[in-house]
Amino acid sequence: MPSLTPDEPPRTDLATRTDIEDLLRLFYGRVLVDDLLADPFAEIRESGLESHLPIMCDFWETVLFGAHLYQGSALRVHRTVHTRHRLEARHFLRWLTLWSTTVGQMFHGPIAAHATVQATRIARAMHRNLTGTDSAELDALTSATSPSGSR
């Protein structure tokens with residue numbers, strides 16, 4: 001592991017809802033101004049991240065910690081987005097790049113790694129369900145992040 005500079009705090013693993021909220025704030029701050037993703041996420045930008053943050057925190061707290069807080073359908077929400085702005089593999093790949101970069105910059109440990117694996121699986125499944133097609137790039141990422149290359 002590279003040595004930390006004096007002003008660089010050591011990274012810890014995701015452990016709390018506050019960690020998830022901090023991650024989502026930085027991540028969506030990047031998504032909302034990204035050249036490729038800004039249009040599909042325009043509704044969040046217009047209504048404000050604050051109105052969506054509790055739901056997204058519930059979702060990720062459920063995914064990462066088994067909190068059973070999220071009761072909605074992420075696919076249904078993204079189907080609405082897909083209707084307004086066709087989502088393609090390139091959108092999911094960019095989303096994953098920003099997600100993985102943000103997670104890696106903020107956290108280190110097994111839950112952070114799990115957050116990246118789960119995001120990859122979710123993106124692949126979401127793409128398949130929305131478009132009815134597979135993406136070789138998403139399939140490859142899913143295989144690369146899964147233990148022993150399994151899906």
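Leaving aside neighbours within four places in sequence, L24 is in contact with G29, L53, M56, C57, W60 and W99, where contact means heavy atoms within 4.5 Å. The structure is a predicted model, in which local features need pLDDT of at least 70, side-chain atom pairs count only at pLDDT 80 or more, and totals for chains, interfaces and linings use all residues. Residues are numbered from 1 along each chain as its sequence is written, and side-chain values use heavy atoms, with hydrogens and water left out.

**Overall fold**

The protein chain contains 7 helices and 0 strands, and along the sequence its pattern reads α-α-α-α-α-α-α. Helices (H or I, at least four residues) and strands (E, at least two) are DSSP runs, numbered from the N terminus. Of the 151 residues, 39% count as buried; the term buried means under 20% relative accessible area, exposed means over 50%, and partly exposed lies in between (1.4 Å probe, protein chains only). Among contacts with a separation of 6 or more, 70% are accounted for by residues 24 or more positions apart. The chain exposes about 8400 Å², of which carbon and sulfur atoms supply 56%. Accessible areas come from the Shrake-Rupley method with a 1.4 Å probe, and for residues only the protein chains shown count as cover.

**The nonpolar core**

A nonpolar core is a set of buried Ala, Val, Leu, Ile, Met, Phe, Trp, Tyr and Cys residues joined through side-chain atoms within 4.5 Å. The largest such core has 36 residues, and those touching the most other members are L14, L24, Y28, F41, W60, W95 and W99. Two or more residues of this core are given by each of α1, α3, α4 (74-84), α5 and α6. Helix α3 provides the largest share, 7 residues. In soluble globular proteins, nonpolar side chains tend to be buried together.

Helix α5 (residues 89-106) has 18 residues and reaches 26 Å from its first C-alpha to its last, close to the 26 Å expected at 1.5 Å a residue. The expected span is 1.5 Å times one less than the number of residues. Buried residues in α5 are A89, H91, F92, W95, L96, L98, W99, T102 and V103. Their cover includes α1 (17-31), α3 (49-65), α6 (110-131) and α7 (136-145).

D34 is found in the loop between α1 and α2 (42-47). Is D34 buried or exposed? D34 is buried, because its relative accessible area is 9%. Not counting residues up to four places away in sequence, D34 touches R94 and L98.

On a 1 Å grid over the protein atoms alone, a cavity is a set of points where a 1.4 Å probe fits but cannot get out, and a pocket is an open set with protein on both sides within 12 Å along at least five of seven lines; lining residues have an atom within 4 Å of a point. Grid points are joined across faces, edges and corners, and a volume is the space filled by probe spheres set on the points. The structure holds 1 cavity of 30 Å³ or more.

| Space | Volume | Largest share of lining |
|---|---|---|
| Largest cavity | about 30 Å³ | α6, 3 residues |
| Largest pocket | about 680 Å³ | α4, 6 residues |

The largest cavity is lined by R124, H127, R128, T133, D134, S135, L138 and D139. For the largest pocket, of about 680 Å³, the closest to its centre among 25 lining residues are Y28, F41, M56, V77 and H78.
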